[in-house]
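Hi,

Here is the structure I promised to pass on.

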Amino acid sequence: MTDAPQPSPKPAEALPSVAARLAFYQRASGIVTPLLTAVLAFFIGGLVVLATTHKNPLNTYKEIFNGTGLNWLFPWIHGTERASAALNLQQTLIYATTLALTGLAVAFAFRCGLFNIGGQGQYIVGSLVAVQMGIWFASMSPVPHVLLAIVAASLAGAVWGGIAGFLRASVGAHEVITTIMLNWIAVWAGLYLIQGPLQDPRAALVQVSVTKEVSPHSKLPVWWGNSALQGLHIGFFVALAALVVYWLVVSRTTLGYEVRAVGFNAEAARYGGISVARNYFLAMAISGLFAGLAGAIDILGWQFRIDQTGITVASQIAFLGIAVALLGRNTPIGVFLAAMLFAALTTGTSTRNLDPSVFRPELAGNLTRIIQGLVVLFVGADLLILYIWRLRRKLKLDRSKVLPQEVPQA
Amino acid sequence: MIARADTLYDLGRSRVATPRAAAALGIFLGLFAFWLALPPVAARSVVVPGVVAGAAVAIGLWVVSRGDLRPGWGAVAAGVVGILGGAFATRATTSHLDVVITWSALVAATLRYATPLTFAAIGGMFSERSGVVNIGLEGMMLMGAFFGAWGADVTNSWVGGLLIGMAFGAGLAFVHAVFSIHLRADQIVSGTAVNFLALGITGYFFNDIYGNNGTPDDLAGIPDVRLAFLGHIPPHGLGSFLDDSFGQLNLMVWLSLALIPLSYVVMFKTPVGLRIRSVGEHPRAADTVGISVYGIRYACVTLSGALAAMGGAFLSIGFVHSFAENMTAGRGFIALAALIFGRWRPFGAFGAALLFGFASAVAPRLELVSGWANYGTLFQILPYALTLIAVAGVIGRSIPPAAVGRPYAKQ
Amino acid sequence: MAEEPPALELRGITKRFPGVLANDHVDFDLRRREVHALLGENGAGKSTLMNILYGLYHPDEGEIRMRGKRVALSSPKDAIEHGIGMVHQHFMLIPVMTVAENIVLASEPTTGGVFLDYDAAKKRVADMARTFKFAIDPDARVENISVGQQQRVEILKALYRNAEILILDEPTAVLTPQEAHELFEILNNLRTEGLSIIFISHKLNEVLEIADRITVLRRGKKIETLPREGATEKELARLMVGREVLLRVDKAPAHPAQPLLSVEDLHVLDDRGLEAVRGVSFEVRAGEIVAVAGVDGNGQTELIDALAGLRHPLSGRIALGGEDVTGENARHVLDHGLGHIPEDRQRRGLVLEFTLAENLALHDFRKEPNSRFGWLFPNRLVRWARRLLEQFDVRGGGPQTRAAALSGGNQQKVVLAREIAREPSVLLAAQPTRGLDVGAIEFVHRRLVEARDSGKGVLLVSLELEEVLSLADRILVIYEGRIVEEYPPDVTEEELGIAMTGGHREEVPAA
């Protein structure tokens, strides 16, 4: 009679990671699923509008569309309408820059199987560092000054993300909770700093919490529009460059290979000799780097100082980054398009664009949030979308070979 | 005296007995050492807490050497806290200490801050024990906060408000359940989406209905429970302490305290609880004996939404008597951390909730210390930092229900 | 045997899954008081058929009759109500709960209808165990009892629910020969008590020992049902596979040379911090296959992990090709001459979402010419992969196909290709043929023998005694973390079985 314990673990009920599932559905349906997801979300948003304001949602959406500035692309728009569309489009693109970067942050972490909800904290940290760098070193010439600020801010974001990555790598603390805690710590620390040590002395006299403005040399030049009216700055190109860099790193470097391997199957990666812990740390650090960069670009591009709203709006930006990454299926092009979509949505519903008689702007902001929530919800439930599109029948043949837990052992 | 399993192969033969009691004593001594340096004892010499804390560390190390790592290191940590805290406190002036440490007020405040955490954590326990991660507790709490206030306004009674809040919380949870269970979405993504949705929905309707003025000032509030008899318990000092601490606490606080043993009994002493746990540990095994995995998961997730909403409703109509956008401020996540910290058991989660509640209670009082007023904002970090340390240090290896987070595929 | 209607009849059962016809109009009947074996290789459709019977799957066509009357079994609950109990291959037990809790789950005795009456549960379990002559502790946690005992808990679960038909799915996969004998005794007892038993297996010798009748399935179809009298292993194998099968691998005698892997007094802890490997020493020489045989859970996993660099040994020495690699990580060990075919190809061997080219480069992607200074050259990976895939006859896709699209056998070929093509000096193979069909098994065995003949050392860790006896030049038996015996390949299964349970040649182990 033996007392030998434990039976062998049963073979794979391998649960595909988020990275794996998103990758599968991206391959399987290309642009259809994200498109359908967005359409469905907007549709439900429209129902909300209808139900609460009893107004035609299509009208509302049309007004919102005009506010985005995308109508500037239509050649038949002329004159003052074109000019205001140009302004709007610049705003949209400014915001899209930020969202693309925060989207990349989340996307990179997803590739490694990690869920980075800490974009808010990483962005704030990046902003704070960028502001300070912009204020100090005022005597430096523009190019090195800007570079210094950007690099420092990105590193700060990388550190903030790296803390969560380190904790995940060493003790296995789930990054969802640690990044959220780090978010709140950054928020309160940021508020403290702009109320205290970093406060602009002139503002302190009137009890306003805001930092000093960065030196003129560190501001990013504007290439479209009027810098006095917050034109589009070269940060846009930084974002485009970041998209390319992201793609290169993920698909053409050994680091990207390792990150993807760990994201798809950390066990197999470990058995193959890849250090899972190291990659968890690096993925979160690089993820934080993108988010910190986003903060820096915003500061040097158009904000030039941080006030209380600057701190609190970071949460909106960060969560949009999650929606962007999910909708964009963690790919550079997808992230860009999704960033454009959400940026357009935000500009279109902003206070200065939306005619209150059509739809109240305060509500519009929350409506946007509802739509974003629905997008994330539907993206998570790929099954729902596929079912609606009836791709399910066509894909069932492929799915059985891809998702191991579906295949029964006969 | 205490047998230890040296090798894997002894496990079947011996029972591994753990000196838990000793570790508990160690933790108690460590905290007691800290307490000695605080009012009302306010020992002025470092030696007093030092000795007691030293004993705690010694006990902790002994427990570790006996193989029970987690409680052992917990006792050591408590001892370190005792020494450091005691040293710090003995160097602070008594007047400062008195400002910060009014124990009765602290106890009451701790309980108040812990209550929403308790509700959400126990809700989370049901969900997670059945195998569904519920990151959306924050959103469900927020739904309960807003719709509790709105419901109280509309029905002019706190009961109506509470029930309506619970209904909306449960409704949001049901959405999470559908996406996580039936549609087999990634549960964390689904939970995050649910949080967004809650933020948007509550913000939208708050602005739509209450606009710039905010919720009405005469919002029906959940009543406090006045226990006047406590004040009359001799000796007088004890009586007044009890009265100040427990004499005027909200009904929801007492409900949350009652919920703890109730949920313990349900989860561990009834067939329902056994089935819930089986679904969370090994859903296929549960399925093969005829338990409805989907049914149990739906029920548990919806229940978690209702409970979290109760915590939210307490926040709005029981505590501050109004609603502000995003007033839950991350409490849902702290509740989740409390649950993990408490090893998915009600009493453990409550202990963690008390700990985080204490941090929240102390933070505004630290601000009252003269010269520290400017750091007020910084002190708000306390509960979050504490959660971070807890998640990172002490609980990193907590073992969740085996099947948590995995969608169940019925063929 | 009485002429009653059969206890159970399956007629024309058909079940389709995406891309596969698991059951193709299968007929099957079961008499009272019989043990009926269902035989077939992996993927033949045995488990699917039984899962249909147990209500876990719904058949696309066909009907089920019990005692002549048609029944619909749409869930395990239905099956249980009709007196069908199932003991799954991978136990449906909850490790953190006690035996009693597991047995009464979903039919719990209560006090006042609200509270769980644990004492009543305990008593009932103890009573049942006594009636059927099992030795079981109702309070023990399932994760702490032996595999054989866990299986008895599963049987008790079925009996607790008044099963009259018992389905056992590959019950001896995790048992030693002795434990298997004990199980057969229990089955005989149950048969006398009036139960009918369906015994799913792919092990020919056991089927011949216990069954009254044998039904052979192949590729979803029922091939034949025959009585035990007169059936031979050879014929059964032929029915199972459809052609003559080589039951033992053809191999030349070994000519072992210098030691390539030497392990000295190795001690390794498991995940809980308890010693799982307690002083193991052995050598693997060039040109030989050394097999480690033992019941699962006796330290094999930890031993392999330590050798593969995935687990830090507590003490001891591991030398690869003369070089000390004790405590080095996986990358180091893999770079210094070890090839590792892991136990679970989908979880540990392959990244299913990667292409075959990417999978084949899993160890070498950091090296030239695949990459330089961190920059990757994917087309070089593809070229290398194309060669390997041809060499190892991998079917189902090319270098750009995702690994998930391949069948199990081809996936294992990819793993083999990756490991063998790197020309390691020592090849570590853990359960290399688990879940594979006969063709793939033959392929893997051939490659392992080839590796050995080309001068490599092969360490095979396997739970399949037939595989061990067929391939090994030396057999080491591991028991409770120690190597307790070493045997030449002509040892009998019986002796091997005794050693695996800790007994010695002269003793007969107590029941």
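A quick definition before anything else: helices (H or I, at least four residues) and strands (E, at least two) are DSSP runs, numbered from the N terminus. Bear in mind that this is a predicted model, in which local features need pLDDT of at least 70 and side-chain atom pairs count only at pLDDT 80 or more, while totals for chains, interfaces and linings use all residues. Residues are numbered from 1 along each chain as its sequence is written, and chains are lettered from A and ligands numbered from 1 in the order in which they are written.

Let me begin with one helix in chain C. Just after H5(C), Asn162(C) has a positive phi of about 60 degrees.

Zooming out, chain C splits into domain 1 (8-241) and domain 2 (259-500), with bounds that come from an automatic or database domain assignment. Their C-alpha centres lie 33 Å apart. Nine residues of domain 1 of chain C are in contact with twelve of domain 2 of chain C, where contact means C-beta atoms, placed from the backbone, within 7 Å. On the domain 1 side there are four nonpolar, four polar and one charged residues (Ala, Val, Leu, Ile, Met, Phe, Trp, Tyr, Cys and Pro count as nonpolar, Asp, Glu, Lys and Arg as charged, and the others, Gly among them, as polar).

Chain B also has a domain 1 (1-101) and a domain 2 (102-394), and here the C-alpha centres are 29 Å apart.

What about the interface between B and C? On chain B, 23 residues are in contact with 29 residues of chain C. Helix H11 (271-281) and helix H12 (283-288) of chain B are the elements that give two or more residues to that side, and H11(B) gives the most, with five. By class, the chain B side has nine nonpolar, eight polar and six charged residues.

Lastly, chain A has 17 helices and two strands. Of its 410 residues, 59% count as buried.

Cheers

How values were computed:
Contact = placed C-beta atoms within 7 Å. Buried ≥ 20, exposed ≤ 12 C-beta atoms within 10 Å, placed from the backbone.
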